Amino acid sequence: MSVLVNIFLVLFASIPAASCFSSSSLHSPKLLHQHQHTSKTTTTTQLHSSSFNLNFLDSLFSTTNNKSQIQQHKTQLYQTCQSSYGISTPPIRTSIESLISQLQPLNPTSSPSTSKLLQRKWIVLWTSEKEINFFLEKGISTRIEQRLSDGKVLENWIPFVRGDGFGVTGSIQPAVNDSGSSDGLRTEFKFQKAELDIGKWGTYNFPPLGEGWFDTVYLDEELRIDLNSRNDILICRGE
């Protein structure tokens, strides 16, 4: 049994607490917020009213169009994640990155790292992390969970098919620049505890495994996309 435990120790020593990526194609850029303002002075109330109505209609149609685009891209992303669950090959990653690049400019959440939408339980739909995919490919687990809570706590849980599982707990905080303000995109994490529960063979605790960061480049009520300091991707759906 000591051999089995040693194998688990080797495998789990590299399991990260958060997944996202900063690929060469996306580079985790900050979200763009472009607002166009018009400063023309109208000479009559009628012209001013007409201009307001036109701007309102343009905004309404633009919002509707964005929602339609978002839903279309999300549907494509969900389908790709489902068909590639637990698998990360260069062609699959390229396809995933292409869909992310289409969703990222349409991100409806201006400051994901400080948003309450981030603080919840998430189910991993797809990741490029080889350590996580090992459990899925080998049939050890069929589900990867992550919970962010109180803006301070990160918990990963990998339930095993035959019961029990492996969990990692860490602390999180929005990253800040030299002036002390958050860029709204990056979250820093630091591991504090890891625990392997293999039932009748016992529970084993591990020392902290490291630290890093993840950029949440897309976030809404149901979908979250992260890019991290390990050049990995994490795509989650809220539960």
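Visitor: Which residues of α3 are buried?
Guide: In this predicted model, the buried residues of α3 are Ile92, Arg93, Ile96, Glu97, Leu99, Ile100 and Leu103.

Visitor: What makes you say that the buried residues of α3 line one face of the helix?
Guide: Look down the axis of α3: the buried residues fall within an arc of 165°, so they line one face. On the face turned away from the buried side of α3 you'll find the exposed residues Pro90, Pro91 and Thr94.

Visitor: How do you know that α3 reaches close to the span expected?
Guide: Helix α3 covers residues 90–103, which is 14 residues. From first C-alpha to last it reaches 20 Å, and 20 Å is what you'd expect at 1.5 Å a residue.

Visitor: Why is Thr216 called buried?
Guide: Buried means under 20% relative accessible area. Thr216 has 0%, so it counts as buried. You'll find Thr216 in strand β7, residues 211–219.

Visitor: Why is the pair of Phe166 and Phe206 called edge-to-face?
Guide: Ring centres must lie within 6.5 Å, and planes over 60 degrees apart count as edge-to-face. Here the centres are 6.0 Å apart and the planes are at 75°, so edge-to-face it is. Phe166 sits in strand β4 and Phe206 in strand β6, 40 residues apart, so this pair links distant parts of the chain. Phe166 is buried at 1% relative accessible area, and Phe206 is buried at 13%.

Visitor: And what about the rings of Phe189 and Phe214: why is that pair stacked?
Guide: Planes under 30 degrees apart count as stacked. These planes are at 25°, with the centres 6.1 Å apart, so the pair is stacked. Phe189 lies in strand β5 and Phe214 in strand β7, so the pair ties together parts 25 residues apart in sequence. Both residues, Phe189 and Phe214, are buried.

Visitor: How do you know that the charged end of Arg237 sits over the ring of Tyr78?
Guide: One test is distance: CZ of Arg must be within 6 Å of the ring centre. For Arg237 and Tyr78 the distance is 4.1 Å, and the charged end does sit over the ring.

Definitions and conventions: Residues numbered from 1 in each chain as written. Predicted model: local features only at pLDDT ≥ 70, side-chain atom pairs only at ≥ 80, totals over all residues. Heavy atoms only, no water. Helix = DSSP H or I, 4+ residues; strand = E, 2+ residues; numbered from the N terminus. Buried < 20%, exposed > 50% of the residue type's maximum accessible area, 1.4 Å probe, protein only. Expected span 1.5 Å × (residues − 1). Arc of directions from axis to C-beta. Lys NZ or Arg CZ within 6 Å of the ring centre and 35° of its normal.
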